[in-house]
Amino acid sequence: MPHVVHNVFFSLNDNSPEACQRQVAACDKYLKGHDGVVYYSAGVLCPSLARPVNDRAFDVALHVVFDSMASHDAYQAHPRHQQFIAESKPGWKQVRVFDSEDRKSTRLNSSHLVISYAVFCLKKK
């Protein structure tokens, strides 16, 4: 069964470092630890990665990988997720969501210390 990869990129009305950290903290508070999550992370735009191919049109990124579509669907309807949206939405200028299936997930074994999921964005010419 494929994993479901849920990537969300938030552009904030107030993109000060403090506001960005508050958004990360809200993600951690409401979106971390849901059933079926095999990977979770939230963080701010990395200022040192400014290559021409990097899409830098966001302030905070959320990455959640679910073990199944059923887990993803339960997360979307969960009261904590709905509360996160209700409380955070006024601060959002734009939200972009990229969902995908990962049919060839890396399995954690003794040779893997960390499993990383990456999103590659290409700029249109």
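Let me start with two residues: Phe10 is buried, and Phe84 is buried as well. One caution before going on: this is a predicted model.

Phe10 and Phe84 form an aromatic pair, with 6.0 Å from centre to centre and 75° between the planes, which is edge-to-face. The pair links distant parts of the chain, since Phe10 sits in strand 1 and Phe84 in helix 3, residues 79-88, and the two are 74 residues apart.

Now a second pair, Phe66 and Tyr75. Their ring centres are 4.9 Å apart and their planes stand at 55°, so this pair counts as tilted. Here too, both Phe66 and Tyr75 are buried. A search of the whole structure gives 6 aromatic pairs. There is also an aromatic cluster, made up of Phe9, Phe58 and Phe98.

In what order do the strands of the open sheet run? The order is 2-3-1-4, there are 4 strands, and the pairing is antiparallel. Strand 2 and strand 4, the latter covering 92-102, are the edge strands, and each of them pairs on one side only. On average, neighbouring strands of this sheet are turned by 10° against each other, ignoring direction. As a general point, strands of a sheet pair through backbone hydrogen bonds, either parallel or antiparallel.

Strand 1, residues 3-12, and strand 3, residues 60-66, run antiparallel and are joined by 7 bridges.

On to strand 2, which spans residues 37-44 and contains Ser41. Which side chain does the side chain of Ser41 meet in a polar contact? That of Tyr39, at 3.3 Å. Leaving aside residues up to four places away in sequence, Ser41 touches Ala61, Leu62 and His63.

Last, the helices. Helix 2, residues 69-77, and helix 3 have axes that come within 5 Å and cross at roughly 50°. Helix 2 and helix 3 are therefore oblique to each other. Which residues make the contact? From helix 2 they are Tyr75, Gln76 and Ala77, and from helix 3 they are Pro79, His81 and Gln82. Tyr75 has come up already, as the ring partner of Phe66 in the tilted pair.

Notes:
Residues are numbered from 1 along each chain as its sequence is written. This is a predicted model: local features need pLDDT of at least 70, side-chain atom pairs count only at pLDDT 80 or more; totals for chains, interfaces and linings use all residues. Side-chain values use heavy atoms; hydrogens and water are left out. A polar contact is a pair of N or O atoms within 3.5 Å; within protein, one must be able to donate a hydrogen and the other to accept it, and residues adjacent in sequence count only if both atoms are side-chain atoms. Contact means heavy atoms within 4.5 Å. Two strands pair if DSSP finds at least two bridges between them. Axes are lines fitted to C-alpha atoms, for helices over the stretch in contact, and angles run from 0 to 180 degrees between N-to-C directions. Rings of Phe, Tyr and Trp (its six-membered ring) pair if their centres lie within 6.5 Å; planes under 30 degrees apart count as stacked, over 60 as edge-to-face and the rest as tilted. Buried means under 20% relative accessible area, exposed over 50%, partly exposed in between (1.4 Å probe, protein chains only). Angles under 35 degrees count as roughly parallel, over 145 as roughly antiparallel, 65 to 115 as roughly perpendicular and the rest as oblique.
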